[in-house]
Amino acid sequence: MKFSLFLLLPAVQAFAPAFQSRATRSSPVLSMSAVSDGLLAEPHGGVLVDLMTEDAKGAVAKCNKEIQLQPRQLCDVELLMNGGFSPLTGFMDETTYKSVVENMALPSGLIMGLPVIFDTDDESLQPGDVALLKDGDREIATVEFTDKFLPDKPLECLNCYGTSQIEHPGSLMVATERGKYYMGGKITGLNLPIRDFVCQTPKEVRAMLPAGKDVVAFQCRNPVHRAHYELFTRALDAPNLGEDSVVLVHPTCGPTQADDIPGTVRYQTYEVLKEETKNPRTIWAYLPYSMHMAGPREAIQHSMIRKNFGCTAFIIGRDMAGSKSSVTGDDFYGAYDAQDLLKEKSAELGVKAVPSLNLVYTEEEGYVTADEAEAKGLTKKTLSGTKFRKALRAGEDIPEWFAFKSVVKVLRENM
């Protein structure tokens, strides 16, 4: 594989992390600033990346290739452009990819859960090419490719997902959806994607948050039901959070597991619930992130991203970003694996771990912890996801203790 002479740089510099010295950064469009917005959470690596250029015409003129982005790639490019993946300024080169896969950290030692890569089967794409990345007719970004390599996909799956079996949706995605090659490359942002729902940038979300207060993030990829709502509002009483803290409900609305509810429908459920509850200590925003179902590793990635969005803490549930084998139905991760890893790495990451309460609904006292229900001998009521979906399709009544009426209405309209 031939490399252009101007690319004879150390591999670790090929994607120019924001925390490197200014001498190693040559892009005139890269904006990096130590945020002084009064929030307790500083961006990962100390600076918030902004890759949007004011000279879109000049950036496009440098391109000799054009690429249509796949949905997962579009999410990654958006989070690179707006700083959600700070301190990254582009797709990872081989050195950085290997470091994250093998060590869960960038070459500098800064913790990062999952690699952020550009995949392709295109044999003609080479280091030195500058490609225009598009979403349909919309020009999204340019990428200056720095290297091209054959990834170690089995090792990537084993280390990042805990298994190389394709029964895992993440391993299946890596094996069957991603291209043969990965390419590192420096991103220049042109336009944010146009979506059915607005995904605010880290800078915009940070402007929505109160200064000097703990902000705890709640991640979900499904509609929010009563138990979820009780969970994230009660999390504000966690002993490791300060007084008058708030919760940022920050659902992912990008690609996820094949059988999950589409992002546009999930968004509608969140909007009606936001209006129904009108909780002043609850702030809503949406994240253009594609789920990997990587369990513990993904808990680290989610926490890092929310740190860039201004959060000091992350609510981490049982089997966070977990998945089951498509063959045996067995869980790939233990119920508390993700919690344990985030607790272990909390200080290093700079994000507090807030374990989610194990809540159950009881006839006598409504939602209480499972331990409390057991101790008091309360009568628990349950409704499985399968029975819930069956009742939705059949038009049967859904108990209000389980789901909000507004959410049920949206789901029925889109079944």
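Colleague: Which helix holds Arg206, and what makes that stretch a helix?

Modeller: Arg206 sits in helix 6, residues 202-208. A helix here is a DSSP run of H or I with at least four residues, a strand is a run of E with at least two, and both are numbered from the N terminus. This is a predicted model, where local features need pLDDT of at least 70 and side-chain atom pairs count only at pLDDT 80 or more, while totals for chains, interfaces and linings use all residues. Residues are numbered from 1 along each chain as its sequence is written, and side-chain values use heavy atoms, with hydrogens and water left out.

Colleague: Why is Arg206 called buried?

Modeller: Its relative accessible area is 3%. Buried means under 20%, exposed means over 50%, and partly exposed lies in between (1.4 Å probe, protein chains only). Arg206, at 3%, is therefore buried.

Colleague: What does the side chain of Arg206 reach?

Modeller: It reaches the backbone oxygen of Ala41 at 2.4 Å.

Colleague: Now the loops! What makes Lys278 stand out in its backbone?

Modeller: Lys278 is not a glycine, yet its phi is positive, about 45 degrees. You will find Lys278 in the loop between helix 8 (263-277) and strand 11 (282-284).

Colleague: How do you know whether Lys278 is buried or exposed?

Modeller: Look at its relative accessibility of 58%, which means that Lys278 counts as exposed.

Colleague: And what about Ala321, buried or exposed?

Modeller: Ala321 has a relative accessibility of 6%, so Ala321 counts as buried. Its phi is also positive, near 50 degrees, although Ala321 is not a glycine. Look for Ala321 in the loop between strand 12 (313-316) and helix 10 (337-349).

Colleague: What kind of peptide bond runs from Ser86 to Pro87?

Modeller: That bond is cis, with omega near 15 degrees. Pro87 lies in the loop between helix 2 (71-82) and strand 4 (90-91).

Colleague: Let's finish with helix 12. Where are Lys390 and Ala391, and why do they get their accessibility labels?

Modeller: Lys390 is in helix 12, residues 385-394, and Ala391 is in helix 12 too. Lys390 has a relative accessible area of 58%, so Lys390 is exposed. Ala391 has a relative accessible area of 8%, so Ala391 is buried.

Colleague: How far from Ala391 is Arg412 in sequence and in space?

Modeller: Ala391 and Arg412 are 21 residues apart in sequence, and their C-alpha atoms are 10.0 Å apart in space.

Methods
A polar contact is a pair of N or O atoms within 3.5 Å; within protein, one must be able to donate a hydrogen and the other to accept it, and residues adjacent in sequence count only if both atoms are side-chain atoms.
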